[in-house]
Amino acid sequence: MKTDLFAAAGFAALPFMAFADEFAVGDLVISDPISYETPVTAQTGVGYLSITNTGDVDETLIDVRADFPRVMLHETITDGDITRMQHVMGGLVIPAGATVSLEPGSFHIMFMGLGGDPFEVNEDIPATLVFETAGELDIVFKVEARVPATTGQTGTDMSDIDHDDMHEEDGE
Amino acid sequence: MIRLGLAMAGALAAVSAPALAQDQFAECRASTVGEAAIGGPFELIDETGNTVTDADMITRPTLVYFGYTFCPDACPLDSARNALAMDFLEEDHGHEIDALFITIDPARDTVDVVRDYADVFHPRMIGLTGSEEQIAAAAQQYRVFYRAQRGGDEFYLVDHTTFTYLMLPGIGFAEFFRTSATPDEVAELTACYVDNL
Ligand SMILES: [Cu+2]
């Protein structure tokens with residue numbers, strides 16, 4: 001249902017939507033906001049993207065808003081053998097001229113309290129990034145499949161993940 | 001076999017094990033943790049709500065992982081990696097193996113929740129839950145550490161170890177994999193063990 005709502009809202013901004021995987025405000029370019037499908041009973045979803053600061057002044061991502069009971073910027077940290085997630089306090093600094101990536105196993109946006117409305121493949125998850133200087137930017141996370149669609153089937157095109165190339169010698 | 005804590009085993013994982021006399025898996029060993037150190041009997045609840053044991057669930061080579069479904073970042077990475085490794089094993093080596101996702105957050109991860117979660121990753125990945133006591137006992141057998149972060153509301157997080165264990169029926173622990181292991185690495189090493197069964 002989120003998809004429909006957003007499609008309606010996005011129609012007005014059609015020229016911009018043609019580049020839905022890139023968003024910009026001020027000196028910042030946000031690329032490839034993606035999320036992953038969730039189980040039907042999931043309570044959390046995740047958001048990844050990268051932020052490039054083309055300016056000469058550091059910028060800080062201070063908040064992320066979306067239509068869920070709780071949305072937080074998290075970092076996954078591994079200390080020795082223990083993995084934990086923690087809230088990124090004070091925001092995420094995007095140094096001048098640098099790109100900071102939110103990616104699996106590191107920084108991520110965590111959407112909590114899905115409450116029976118799972119993320120489905122190709123669904124759009126609208127959110128707002130709030131930057132200290134550049135202000136607010138509406139973006140859209142595109143939901144992708146968690147594992148390539150071929151999982152669980154054999155003899156299909158898992159080679160997409162440059163796998164077969166590595167194992168020609170195994171042809172048994 | 002020497003009993004090693006996981007932290008210590010981790011430090012040794014990169015060192016190849018001395019070949020043990022009559023170790024049928026000597027050529028496969030990537031870690032030096034003895035099979036006595038990890039894994040053992042458990043009693044948990046399966047996807048239909050029935051009580052099951054390790055003997056019921058580990059009837060073929062099986063990747064065993066402990067995590068929680070509320071975690072959207074680290075645990076799905078490991079589960080997706082394990083699912084891909086299962087597919088690679090089947091395609092490249094013709095070995096069908098199974099996988100278990102055992103929750104360390106039974107308060108939120110009910111039978112339905114762990115089943116739905118495991119189904120996203122692979123049709124042969126089974127989600128198991130249990131009472132707090134059953135989960136604690138299973139985690140202890142596998143030397144899994146977990147601790148819920150204090151916070152009080154329903155959005156709490158859980159710190160935990162994120163190893164995947166390769167278990168062999170009738171033999172027990174064979175190998176463990178860190179998050180950094182790729183699907184290929186898991187598949188290749190697992191194939192070595194299965195080939196030597
Ligand atoms: Cu998180």
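Guide: Across all chains, the structure holds 15 salt bridges. Keep in mind that this is a predicted model.

Start in chain A. A:Arg65 and A:Asp63 join their side chains in a salt bridge, at 3.7 Å from N to O. A:Arg65 has 39% relative accessibility, so it counts as partly exposed. A:Asp63 is partly exposed too, because its relative accessible area is 32%.

Now chain B. B:Asp23 pairs with B:Arg29 in a salt bridge, and their closest N and O atoms lie 2.8 Å apart. Both B:Asp23 and B:Arg29 are buried.

Another bridge links the side chains of B:Asp105 and B:Arg108, at 2.7 Å from N to O. B:Asp105 shows 3% relative accessibility and therefore counts as buried. B:Arg108 has a relative accessible area of 19%; the cut-off for buried is under 20%, so B:Arg108 is buried.

Salt bridges also form a network. Its members are B:Arg60, B:Glu90, B:Glu96, B:Asp98 and B:Arg124.

Next, the helices. H3(B) spans residues 74-93 and H6(B) spans residues 183-195. They pack at an angle of about 50 degrees, with axes 8 Å apart. That angle makes H3(B) oblique to H6(B). The crossing of H3(B) past H6(B) is right-handed. On the H3(B) side, the contact residues include B:Leu84, B:Phe88 and B:Leu89. On the H6(B) side, they include B:Pro183, B:Val186 and B:Ala187. By class, this contact has eight nonpolar, two polar and four charged residues.

How values were computed: Residues are numbered from 1 along each chain as its sequence is written. Chains are lettered from A and ligands numbered from 1 in the order in which they are written. This is a predicted model: local features need pLDDT of at least 70, side-chain atom pairs count only at pLDDT 80 or more; totals for chains, interfaces and linings use all residues. Side-chain values use heavy atoms; hydrogens and water are left out. Axes are lines fitted to C-alpha atoms, for helices over the stretch in contact, and angles run from 0 to 180 degrees between N-to-C directions. Helices (H or I, at least four residues) and strands (E, at least two) are DSSP runs, numbered from the N terminus. Angles under 35 degrees count as roughly parallel, over 145 as roughly antiparallel, 65 to 115 as roughly perpendicular and the rest as oblique. A crossing is left-handed if the near helix is turned anticlockwise from the far one by less than a right angle, and right-handed if clockwise. Contact means heavy atoms within 4.5 Å. Ala, Val, Leu, Ile, Met, Phe, Trp, Tyr, Cys and Pro count as nonpolar, Asp, Glu, Lys and Arg as charged, and the others, Gly among them, as polar. A salt bridge is a side-chain nitrogen of Lys or Arg within 4 Å of a carboxyl oxygen of Asp or Glu. Buried means under 20% relative accessible area, exposed over 50%, partly exposed in between (1.4 Å probe, protein chains only).
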